[in-house]
Amino acid sequence: MRGARLIHGLIAIACAAGLPAAASAQSKPSGLKARAISGVEARAKLAQVVNDSVFSFAELGLHETETSRYLTELLEKEGFTVERGVSGLPTGWVARWTHGSGGPVIAVGSDIDGIPKASQKPGIPWHDPMVPGGPGHGEGHNSGQAVNIVAALAVKELMQKENIAGTLVLWPGVAEELLAGKAYFVRDGVFKDVDAVLFTHVSNNLGTAYGQPGGTGLVSVEYTFSGESAHSAGAPWRGKSALDGVMLMGTGWDFRREHLRPEQRSHYVITDGGDQPNVVPQRASIWFYFREIGFDGIKKNFEIGNTIADAAAKMTDTTVTRRILGTAAPRHFNKPMAEAAYANIRMVGLPQWSADDQAFAKAVQTNLKAEKVEGLATKIEDLKPPVENPPSGGSDDIGDVAWTVPTITIGYPSNIPGLPGHNWSNAIAMATPIAHKGVVAGAKVMAMTMIDLLTKPELLKASKAYFTDVQTKNQKYVSMISATDKPALELNADIMARFKPELSKYYYQPERYGTYLEQLGIKWPTLTKADVAKGTGDGGQ
C-alpha cells in the first residue's frame, strides 16, 4: 500500500508541475502492485493456454459457443458466479466475484469473436489457411480474455489475502465485428452498479487514451423490400421487383454521398438479391453501416437512409421495412483512469522480444509489404491528449459502455505493426510467443490498474467527476436500439454451421501439447518455406 500511495503522490506532484505523470513515476512497482505482477507471472502458462484455446475455436460473432463455454467453465472453477444467456445473446455472459461488503465494482471486458475468411496457421509468415475459406482470429480477439482472466485471478488472490473489499465482474464483447452485442448489455443494465470499466484490446504496443479518439460511431441497418414475383420473360409487367428497390436505394445513397460531411463513412452489401434471374424478386435486402463522428451525425445519416429507402420503394411500387442489426456509440474514454493506467504501463514496459521474435515479425512485414520493416515495438508511445477534431475511421461498441460508466481501453502488444487489420495476416502472430508475451504484459497493467481502482477512493472520485462534469456535461448517451429490439442471432449462423465440423478438428489440446504451435507441428520461428521442410511438421494437425 505504501508503494501504491507513493506512486499516486508522485503522479499528483508531476501533474501539479505540468509534467507528464508517467515520467515522474517510479520505474519499478512495489507493494501490492509488485505482488500483482508476481501473481500474473505465476499464471503465464494459463494465459498461454487461454489465448491458444480461444484462437483454435475461431468462432464468428453471435456464435462464440465453444469460446464462451470454455471461458465460463474456467471462471466457475475459479469461484466466479456466472450468468449465461445475458441480453438474449446465447454467448453473452457475466461472471461475478465479491469479497467483503461494499467496495468498488470493477468490470473487465474484452471481445471474443473472429473474422470471416481469416483462417490462418499461426507462426507461418505467409497465407496458409488452416481451413480454407473458414473464419479465424484476424483481429486478435482470442487474446483479450486471457489478459483479463489472468489479471483478475491475480487481483482476486490479493483481495483475499489483504481483505480488500470489492467486486470483480468479467464479461465478453460478443459480436464486436458486427457491433451487435454491447448496446444490449447497456440497455439491460449489466453496468448499472459498476464503478469503472477496464477494457482490453489487442495492439502492437502498450497504450491507452482519454477523451474522444479517432473513429466513428454507427448504426447498422438492414432494409428489406417486398414486391411481387412474376415470370421475368413471360409477364414481367405483373411483377414488382424488390431487387429494383434495393438497387435504387444503393444508387440513391451513392449519389447522396457527395453532399454528406467528409467525416462520414458508409458501406453496404446486398444480403438477398432474389432467387434466380427468371423470377422477378419478391424479396430483397440491403445492409448498411452509417458511420459518423457524433451522435447527431449518426442519427442524421440514418434518417437520410430511411428517406432514400422509402423513395426507392415508391419508385418500384414495393414496400420496405428496416431492422437494426447493430450499433456503436462514438467512444470517449476517462482521463483520470487513463492517466493511472499509463503510469502502470510505464512501469511494466514492453516485453523483452527475442531475436527470433523480431526476425519473425520482420518476415511477416516483408511478406505483407508493410511500409516499414522494423519488427516489434521497442518503445512505448506517449500518452497524448485527444485531438481537437477527431479524424474519421472505424467503430467499436465499447463506446456504448463508455457513455454509461467511466471506461478506458488498454492496448497490449500481442500483434505485429504494419498489418492491414481485419485480415488473415493479423492472425499470424496470435498464437505464438509474441502473443503470449504481449498478453502477460497486458495482464500486468490490467492487474495494477485494478489495484488502483480498488484501493484509491480518490481515483474513483476523480473518474466519476470527469464522467459527470466533462464527458457527459453537454452530451448524454443516445441509444440507437429500442426496448423491443433483439440481437440478430441468424447472422453468421450458416457460416459457422458450414465450417465448425472442420474447425473442430483443430481445437487446441493443452493436456497433450505445450503450445498450439507444438500441436500443429510448427517450428518457431518459421521464416521461409525451407524452415517448414526441416521443422517438426507441415503446419497440419
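By a salt bridge I mean a side-chain nitrogen of Lys or Arg within 4 Å of a carboxyl oxygen of Asp or Glu. What we have is a predicted model, in which local features need pLDDT of at least 70 and side-chain atom pairs count only at pLDDT 80 or more, while totals for chains, interfaces and linings use all residues. Residues are numbered from 1 along each chain as its sequence is written, and side-chain values use heavy atoms, with hydrogens and water left out.

Aspartate 317 and lysine 240 meet through their side chains in a salt bridge, at 3.5 Å from N to O. Aspartate 317 sits in the loop between helix 9 (295-316) and strand 9 (319-328), and lysine 240 in the loop between strand 6 (217-226) and helix 8 (242-256), so this pair ties together parts that are 77 residues apart in sequence. Helices (H or I, at least four residues) and strands (E, at least two) are DSSP runs, numbered from the N terminus.

The structure holds 24 salt bridges, and another of them pairs lysine 444 with glutamate 41, whose closest N and O atoms are 3.0 Å apart. Since lysine 444 belongs to helix 13 (residues 433-455) and glutamate 41 to helix 3 (residues 31-41), parts that are 403 residues apart in sequence are tied together.

Are these two partners buried or exposed? With buried meaning under 20% relative accessible area, exposed over 50% and partly exposed in between (1.4 Å probe, protein chains only), lysine 444 counts as buried at 17%, whereas glutamate 41 is partly exposed at 44%.
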